Amino acid sequence: LSAAQEGVGRNNTAKVLGVSGDVQARIGSTSHPVHSAQTLVQGTRVVVAPGGFVSLRLMDGSVVRLYSDSSVLLEKLPADKPSDRPADKKSHSTVLFLDKGSLDAEVVRKQSVRRSFEIKSRLAVASVRGTRFGVTVQDNDAFTGDVQRGRVQVHALSAPKNRRFADLRAGFGVSVDPNTGLGEPFRLLRPVPGVSIAPLVIDETAFLQIAYSPLTGAKRYQFQVARDESMV
């Protein structure tokens, strides 16, 4: 998986920053476990089993985090050096197709107007330029996008012409339902306050306890443990 596919430049790759649980990389009928520091090429499908997690750094510096029970195709990956030539536009764009599950993307601000970053699903496309956002695709293809920083445009693929687009700013999200189409943007709940973790040193014998203050309106909580807030 470290060798580039035919027709794909060597620089159109993603590096694995961290991995937990069962994560597989598939090209065609071939599948291999994903390991830290591994290089994945354009065209790879990354499949995260329930309870798994993987973070990827793209050549432009963007970081993508894939969560439990997710499947994403690395449809197009950016090269390391942007080009302003029209013929090279696609080689410096990022397109990820999320079949199911959840991901977060921390996208570096683009130095070239010809570069783009898109998360696609069967129902919608989220397009960004320099931001941090998340996308979830459920088993029935229902799409939800949320923005932590910057701005994101969500395009509902099968919606009526006058209800196809939603421009989201930080602190907002939107859903695309397979039956009702694009919904109204909604305000996100604020981060869970007062989170503390004990013990500070965790090993295989430790029991992890997380204390937090209840958040009005929240139905459930999900915690991911990492060495730092960038989840690498």
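Begin by selecting T13, which lies in strand β1 (residues 13–20); strands here are DSSP runs of E of at least two residues, helices are runs of H or I of at least four, and both are numbered from the N terminus. At 7% relative accessibility T13 counts as buried, where buried means under 20% relative accessible area, exposed over 50% and partly exposed in between, with a 1.4 Å probe and protein chains only. Show next what surrounds T13: leaving aside neighbours within four places in sequence, T13 is in contact with T39, L40, V41, L58, M59, L77 and P78, a contact being heavy atoms within 4.5 Å.

Before going further, keep in mind that this is a predicted model, in which local features need pLDDT of at least 70 and side-chain atom pairs count only at pLDDT 80 or more, while totals for chains, interfaces and linings use all residues. Residues are numbered from 1 along each chain as its sequence is written, and side-chain values use heavy atoms, with hydrogens and water left out.

Now zoom out to the whole chain, whose secondary structure comes to 0 helices and 20 strands. Of its 232 residues, 39% count as buried, and residues 24 or more positions apart account for 47% of the contacts with a separation of 6 or more.

Colour the chain by pLDDT, the predictor's confidence in each residue from 0 to 100. The mean is 82, and 75% of the residues reach 70 or more; confidence is highest in strand β5 (residues 45–48), at a mean of 98, and lowest in strand β19 (residues 196–198), at 59. Over residues 1–9 the pLDDT is below 50, although this stretch has 18 contacts in the model beyond near neighbours in sequence.

Turn to the aromatic rings, of which the structure holds 2 pairs; rings of Phe, Tyr and Trp (its six-membered ring) pair if their centres lie within 6.5 Å, and planes under 30 degrees apart count as stacked, over 60 as edge-to-face and the rest as tilted. Select F53 and Y67, whose ring centres are 5.5 Å apart with planes at 45°, so the pair is tilted. F53 lies in strand β6 (residues 53–58) and Y67 in the loop between β7 (63–66) and β8 (70–76), so the pair ties together parts 14 residues apart in sequence, and both residues are buried. Then select F117 and F133, an edge-to-face pair with 6.4 Å centre to centre and 85° between the planes. F117 belongs to strand β10 (residues 117–120) and F133 to strand β12 (residues 131–137); F117 is buried at 1% relative accessibility, and F133 is also buried, at 1%.

Finish with the salt bridges, each a side-chain nitrogen of Lys or Arg within 4 Å of a carboxyl oxygen of Asp or Glu; the count comes to 9. Select E106 and R65, whose closest N and O atoms are 3.1 Å apart. E106 lies in strand β9 (residues 94–107) and R65 in strand β7, so this pair ties together parts 41 residues apart in sequence; E106 is partly exposed at 24%, whereas R65 is buried at 0%. Move on to E75 and K120, which meet in a salt bridge of 3.4 Å, N to O, and which link strand β8 to strand β10 across 45 residues.
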